Protein chains: 2
Amino acid sequence: MSAAVSALAFDVFGTVVDWRTSISREATSFFADIGRTDIDPAAFADAWRGLYQPAMEECRSGRRPFVRLDILNRETLDTLLDRHDVSMGEAKRADFARAWRRLDPWPDAVEGLTRLKRRYPIVTLSNGNIALMLEMARRGGLPWDAILGAEITQAYKPDPRAYLGTAAALDIAPASLCLVAAHHSDLAAARACGLAAAYVDRPLEYGGRAAPDRHLRQDWDYETKSLVDLAERLGC
Amino acid sequence: MSAAVSALAFDVFGTVVDWRTSISREATSFFADIGRTDIDPAAFADAWRGLYQPAMEECRSGRRPFVRLDILNRETLDTLLDRHDVSMGEAKRADFARAWRRLDPWPDAVEGLTRLKRRYPIVTLSNGNIALMLEMARRGGLPWDAILGAEITQAYKPDPRAYLGTAAALDIAPASLCLVAAHHSDLAAARACGLAAAYVDRPLEYGGRAAPDRHLRQDWDYETKSLVDLAERLGC
């Protein structure tokens, strides 16, 4: 790590937590409750994740003011439930939409973050909103120093304001902040803003299929297999 | 505590940390370095704190856009150093201004917060900016779940937006959030916004002198002697 780096910012969905397994588990449970075992939960998780970027793009493009990810998750859930002709009451829908607050950490995440935190401030630089990140952190034991990213900057990655605003909130130069992420697209946008970039390989994020952004791979400042591996490389 | 309360938000300066002793210690050191032992450090701390509300009032009144507390602390430091005809270079001034990031917790604070955190999300609802709160928390071991308050709401207490915006970021109703503070003025403003209010008595905040807002005392939802006392009362 460059001597200039003084804080670590983390992508969360896919990098720190395993959204696909967790959303599949939640979908299994919600669909079982209403007798809709015909819907494949992993395919549902993938389809829900598939609506994530288009929903944020409405805000990034300026066609819609910034709204929190919890709200986008609820809207995309409603779209998918309609698509499957699912009948589900309001309270259950609201709870299902918050499944994104209940994602399990990858097995190395808590140990890796705990070790990294000894030396570096560790903050979220996620598109998840504050309440979502907070509930997820308390449930999974993620020891963030602060929850930054989209909501405090009112901008969704890869909008440069999300990266630059997070560095500004930390009162450090962009080059002093390192983004840790499993996604080349995210790291590329961070690097374009002047941040350092640490890649964490998550081959199971898409259930073993290739990542959609693999063509954006670059030589990153660090290339690691896990957050524990990153901690080792940084001497934490 | 009302069953409706689901999160605790904390005033920090005076409630969680002892600004007067810490700023006096810092002032002693900075003035000794330049041979200005004629300046009384405790009086300097009181004078610096005295410029805090007028500086924020410029932003609250709309005469000036919101700027972070770090910036106000630097400006009020410059004012005071001029008043004492102190000659001090830029790097030392910048470091001195950040003395507000290096305030020590009251002796009960870390244990109290750690216990309260087991049951409730604990967040800052301070006028301190994110970088200031983060450095203070890492230095003192304050285990916040999130750093909310002035910077994320772009409003200084007692502006209602600081309280209401913090509840909104947590995605809870104002009545579900309890402000914990040593200041009646802060609690009164929080109550006016619908928050619950827990008072923590800090008789040494002003070096043993009476608090300036003692005439604003009300019957608060909780009245406690320390954060450990609050944890006991809440069964944490």
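Asp104(A) and Arg25(A) join their side chains in a salt bridge, at 2.6 Å from N to O. A salt bridge here is a side-chain nitrogen of Lys or Arg within 4 Å of a carboxyl oxygen of Asp or Glu. The model is predicted, so to speak of local features requires pLDDT of at least 70, and side-chain atom pairs count only at pLDDT 80 or more, while totals for chains, interfaces and linings use all residues; side-chain values use heavy atoms, without hydrogens and water. Residues are numbered from 1 along each chain as its sequence is written, and chains are lettered from A in the order in which they are written.

Start inside chain A. Its domain assignment gives domain 1 (7-18 + 103-233) and domain 2 (19-101). Such bounds come from an automatic or database domain assignment. The C-alpha centres of the two domains lie 23 Å apart. Between domain 1 and domain 2 of chain A, the count is four salt bridges. The rule also finds 14 residue pairs in polar contact across this interface, both residues at pLDDT 80 or more. A polar contact is a pair of N or O atoms within 3.5 Å; within protein, one must be able to donate a hydrogen and the other to accept it, and residues adjacent in sequence count only if both atoms are side-chain atoms.

Which elements give two or more residues to the domain 1 side? They are α7 (130-140) and α8 (150-153) of chain A. The largest share, five residues, comes from α7(A). Helices (H or I, at least four residues) and strands (E, at least two) are DSSP runs, numbered from the N terminus. By class, the domain 1 side has eleven nonpolar, seven polar and nine charged residues. Ala, Val, Leu, Ile, Met, Phe, Trp, Tyr, Cys and Pro count as nonpolar; Asp, Glu, Lys and Arg count as charged; the others, Gly among them, count as polar.

The two domains of chain A bury about 2100 Å² between them, 52% of it on carbon and sulfur atoms. Buried area is the accessible area (1.4 Å probe) that two parts lose on being put together, summed over both. In domain 1, Asp18(A), Leu103(A) and Tyr156(A) lose the most area to domain 2, together 32% of what that side buries.

Now bring in the second chain. A rotation of 180 degrees, with 0.0 Å of shift along its axis, superposes chain B on chain A at an RMSD of 0.0 Å. The copies are thus related as by a two-fold rotation axis.

Chain B and chain A bury about 1700 Å² between them, 50% of it on carbon and sulfur atoms. In chain B, Leu134(B), Arg138(B) and Asp171(B) lose the most area to chain A, together 33% of what that side buries. Asp171(B) also meets Arg98(A) in a salt bridge, 2.9 Å from N to O. The count between the chains is six salt bridges.

One loop deserves a look. Between α8 and α9 (160-169) of chain A lies Pro158(A). A cis peptide bond joins Lys157(A) to Pro158(A), with omega about 5 degrees. Gln154(A) is placed in the loop between α8 and α9 of chain A. Gln154(A) has a positive phi of about 55 degrees, although it is not a glycine.

Conventions
Copies are superposed by least squares on the C-alpha atoms of residues with pLDDT of at least 70 in both.
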